[in-house]
Amino acid sequence: GRCLGDGSCECLPGFSGADCNTGDGGGDPCVKDMYAEGCSAECSIAGTCSRNGRCLGDGSCECLPGFSGADCNTGDGGG
């Protein structure tokens, strides 16, 4: 998701909740922060993706524009 001016989050499709960390991301439903077949891969937006991306179905990160790296911690945030 992305942060809005009031501090809330606008979630990407397939995600919900105050921090956009609830949902299946369009894949198999798993408990929060668990992904991949059999819900065996752990990924969190805050920890794994540095709050600069979202977790994909295999437990890896898809970085927001302006960020890169396995954990989305490289970049200028588009600014």
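Student: Where does cysteine 72 lie in relation to β9 and β10?

Tutor: Cysteine 72 sits in the loop that joins β9 (67-68) to β10 (74-75). The model under discussion is a predicted one.

Student: Is cysteine 72 buried or exposed?

Tutor: The label buried applies under 20% relative accessible area. Cysteine 72 has a value of 0%, and is therefore buried.

Student: Which residues does cysteine 72 touch, if those up to four places away in sequence are not counted?

Tutor: Cysteine 72 touches Cys49, Ser50, Asn52, Gly53, Cys61, Glu62, Cys63 and Phe67. As for distances, cysteine 72 and arginine 54 are separated by 18 residues in sequence and by 9.1 Å in space, C-alpha to C-alpha.

Student: What is the place of aspartate 33, and is this residue buried or exposed?

Tutor: Aspartate 33 belongs to the loop between β4 (22-23) and β5 (34-35). Its relative accessible area is 18%, so aspartate 33 counts as buried. Beyond its neighbours within four places in sequence, aspartate 33 is in contact with Asn21, Ala41, Glu42, Cys43 and Ser44.

Student: How many residues of each class are in the lining of the largest pocket?

Tutor: The lining of the largest pocket comprises six nonpolar, four polar and three charged residues.

Definitions and conventions. Residues are numbered from 1 along each chain as its sequence is written. This is a predicted model: local features need pLDDT of at least 70, side-chain atom pairs count only at pLDDT 80 or more; totals for chains, interfaces and linings use all residues. Side-chain values use heavy atoms; hydrogens and water are left out. Ala, Val, Leu, Ile, Met, Phe, Trp, Tyr, Cys and Pro count as nonpolar, Asp, Glu, Lys and Arg as charged, and the others, Gly among them, as polar. Helices (H or I, at least four residues) and strands (E, at least two) are DSSP runs, numbered from the N terminus. Buried means under 20% relative accessible area, exposed over 50%, partly exposed in between (1.4 Å probe, protein chains only). Contact means heavy atoms within 4.5 Å.
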